[in-house]
Protein chains: 2
Amino acid sequence: MVGKPKLETVAKQAGVSVATVSQVMRGTGRISEQTRKKVLQTAKNLNYVPDGRAASMRSGQNREIGLALHQIANPFNAEVISGASDLLESEGYLLSVLDARDDAARQRRQIEAFIGSSRAGLIWVPAQDTPEATCELLKTHKLPTVTFLRHTSFAEFDHVGIQNTDATARATEHLADLGHSRIAFLGGTARVDVRNERIEGYTRVLAARGLGPPIVWESPDDKLSGVAAMTNLLEAHPEVTAIVCNGDVVAIGASLALTKLGLTAGLDVSIVGFDDIQDAEIAIPPLTTMAVSPYELGRKLARVVIERIKDPDMPVATTLVPARLVVRNTTGAPTRPQGALFG
Amino acid sequence: MVGKPKLETVAKQAGVSVATVSQVMRGTGRISEQTRKKVLQTAKNLNYVPDGRAASMRSGQNREIGLALHQIANPFNAEVISGASDLLESEGYLLSVLDARDDAARQRRQIEAFIGSSRAGLIWVPAQDTPEATCELLKTHKLPTVTFLRHTSFAEFDHVGIQNTDATARATEHLADLGHSRIAFLGGTARVDVRNERIEGYTRVLAARGLGPPIVWESPDDKLSGVAAMTNLLEAHPEVTAIVCNGDVVAIGASLALTKLGLTAGLDVSIVGFDDIQDAEIAIPPLTTMAVSPYELGRKLARVVIERIKDPDMPVATTLVPARLVVRNTTGAPTRPQGALFG
DNA sequence: ATCACGCGCTAAAACGTTTGTTTACAACAA
DNA sequence: TTGTTGTAAACAAACGTTTTAGCGCGTGAT
C-alpha cells in the first residue's frame, strides 16, 4: 500500500517466493496454473510494475531505444518520429526522443545518458560539428546505432539517408528544362553534409548545362528565416528566376516572401522544395517539391536499428532512398527578362 | 578495451578501489588531489560512462524526467518541449519525450515504462479517455507528475494550463464588438476538457450578447483537416461571418480554405486563432489570435515538476496562464449581409 | 610514550531483478 | 524398503553502482 510494490511485496502477499513471481510475470519456468492465477491477481491488485532498471541490469536486455536529433520542431522530423515509433512499438520496443538543438555539447550529454541507461539502440541525427569523441563513445560502448540524414565522418554506423545529389540535380534539371538560366540554391547552413550533397547536385547540373556560376544562399530551416533569406537573395541577385530549396519549410517561407512582395511563385520566380511535408500540398500556391516519405523513412530506420540490435556483427549498411519530383504550382517557365524583377 | 568499462575496470587500472573511483566521479568524500587526477584520467581514457541504472537503483535518485503527450507533430507542443527541455537541462535533468497519439492503451504502456525506469518526474498531457487506472498507477508509484493543458478527472496532480474560457470569451467579444452576429466555433474533437472550456467561453459571450444559438464544428488539429472542416462549415452555415478557432493550426487551415474559395480572411469571414504559433505571424493574411507563449509555458512546467520532485508533500497547485488577444489581419467588420456569402 | 584526531582510502552491504541450481515432495517401479 | 522420475517452487548469486562504517597511519598535544 505504502511505497512501491516490488517482487517481494507480491511474493509475500501471494505466499510464494520472489523467484516464482518473477517467473510468472515473465511467463518462463514451470508454474502451476493455480499459483499463476494467484500471483497475477495480487500483482494487479498491488499495481505492480517491474523495475526496468533492475531487470535490464540483471538480464542484460532493454526494450527502450533512443532517438537523438537536432530539431524536434520540424514537421519532417516529426513525421519520421511517428513512423519509427509506430514500428518500434509494434515490435515491443519504446522510442524516447531527445532534442539537442544542434548543440554538440548538449548532444554529448544526451548520448551519455542513453549509454548510461543502456538503451537497446540509437537512432541518431548527428549535430553539426559532432566531434570524433562522441562517435568513439558510441563505439566503445557498442551501442547499436543508425545515423539518419547526416553522416559522421569518423565511425562506421548503419545509415539511412536520401539520395540528395540526385534529387537536387533532378530539381535543377526541371527548372532548366522550363527555360530558367539563373537558378539559385537557398537554405541550410554550412558544414552539414546533407546540404553539401544537395548543393553538389545543383552545381553539377548548372555546370552540365553551362548555366553560369552557382548562387548559394544560407538560411536556417524555419519559415521565418526563409522569408527573410529569400528577400535578401532577391535583393542581391535580382536576375534569379528560379530557386532550388534545401527543404520545404524554407521553400514555403520563400514563396511567402514572394507573395509579400506582390509577386507569385511559379510565375515571377519558380521554387522547388525538398521533403514534401503536409504543408507543401496545401500551401498557396501548392509547392513543387522533391518528395520523400518521412513516415516510411521512420519505419525503415526502426527496422534497421532492430536488425542491428539482433545481430551486432552484421556488416554496416547504408540505405539511400530516392526522392521523386512532384510538380505542383510553384514552377513554370520564366516570364520576364533577367534583371527586370521589379520592372 | 573490450566490453563496457565499469567502475571496477577504472579502479583496477588506476590501482585504487571501486569506492574511491565512485567518490571521485561523484565529487564526494575526501580524496587527495593526486589520486583524483589519476582516476579522472584513466576514466577518460577508458571512455567510462557510469551505469545510470545501477546508480539510480542504489541511490534512489534519477535525473531523467519524462514527457508524455498526444501529438508531437504540433508546432505548439514542439515549442513547449523546447522550453521545458531547456530549463530542465540547465538544472541538470534530462527530458525524454514519448508520443502516445491520443491512444489510451499506448499511453498506458508508455507510463508504465516511465514508472518502470523510475523517472524522476513526469510532464503529462493525458490522452483522450484516459482511464482512472492510469492515474492510480501514477499515484501508487508516487511519480511526481504535472498535467499540462488537459486535466484528469480522477486524481489530483499539479496542473499547468491556459485560461481557456476567458480567452475564447475575449476572442468572441472582439468579433462581436466588430459587429459580427453569426459567430461559429471551429476545431478540436469532443471529450477533451480544453475544448469544452473554450467552447464555454464562446457560448457565454454569445448568450450575454443575445447572438443566437452556438454553432460548434469539429475538426482534428491539423491544417489539412482545418481546410476541409472550414469548407464544410461554410456550406452548412453560409450565414456565418466570423469564426473562433480551437487552435492556430486549424485557424490557418480555415484561412487557407477561404483563399481557395476566392475569399479573404478578415474581409469576407473573420477568424481568431488560438496559441500564436510562429506561423500565425507570417501567414497570409497574418492571423489574429489568442496568444500564449508556449516556450514560457514549457519552462513553467519544468519548474513545477522540479518543485514537486523536491517536495513531494507540497499541496497540489494549479497554474492557469492567461492568453492575450493579438489583433492582426484576419479580423475586421462584417462586409456582407448574412447569408450572401457567394452572392 | 601515549592518546586523540584527521586524513585518505577500502570493505561490504544494499538497491530489485533474473536465472541456473537445488530442494521438497509425490508418485511409481523394482 | 529403496531407488527413480518428474514436477513445482525456493535458494542464492549475480548485474554495477552508492554509501556507511571503519581501518591504518602519520602528526601534534599531553
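Predicted model: local features only at pLDDT ≥ 70, side-chain atom pairs only at ≥ 80, totals over all residues.
**DNA strand C**

I began with the protein around DNA strand C and found 28 residues there. A:Leu7, A:Ala19, A:Ala54, A:Arg58 and B:Thr20 come nearest. Then I checked which elements give two or more residues to this surface: α2 (18-26) and α4 (52-59) of chain A, plus α2 (18-26) and α4 (52-59) of chain B. The largest share, six residues, belongs to α2(A). I sorted the surface by class too, and got 13 nonpolar, nine polar and six charged residues.

**DNA strand D**

Next I asked which residues come nearest to DNA strand D. Out of 26 around it, they are A:Ser17, A:Ala19, B:Leu7, B:Ala54 and B:Arg58. For the elements, I have α2 and α4 of chain A along with α2 and α4 of chain B, each supplying at least two residues. Here α2(B) gives the most, with six residues. By class, this surface splits into 13 nonpolar, seven polar and six charged residues.

**The sheet in chain B**

I moved on to an open sheet of six strands in chain B, with mixed pairing. I wrote down the strand order as β7-β6-β8-β9-β10-β12.

β6(B), residues 183-186, runs parallel to β7(B), and three bridges join the two. Across this pair, B:Phe185 stands opposite B:Val216 of β7(B).

**Helix α10 of chain B**

Which helix lies across β6 and β7 of chain B? I found α10(B), residues 223-236, running at about 150° to β6(B). I checked its length: 14 residues, reaching 20 Å from first C-alpha to last, close to the 20 Å expected at 1.5 Å a residue.

For burial, I listed B:Lys223, B:Gly226, B:Val227, B:Ala229, B:Met230, B:Leu233 and B:Leu234 as buried in α10(B). An α-helix has 3.6 residues a turn, so residues three or four places apart point the same way. Last, I looked up what the buried residues of α10(B) pack against: β6, β7 and α11 (248-260) of chain B, together with α12 (278-282) of chain A.

Technical notes
Residues numbered from 1 in each chain as written. Chains lettered and ligands numbered in written order. Near = placed C-beta within 6 Å. Helix = DSSP H or I, 4+ residues; strand = E, 2+ residues; numbered from the N terminus. Nonpolar A, V, L, I, M, F, W, Y, C, P; charged D, E, K, R; others polar. Pairing = 2+ DSSP bridges. Contact = placed C-beta atoms within 7 Å. Axes fitted to C-alpha atoms, helices over the stretch in contact; angles between N-to-C directions. Expected span 1.5 Å × (residues − 1). Buried ≥ 20, exposed ≤ 12 C-beta atoms within 10 Å, placed from the backbone.
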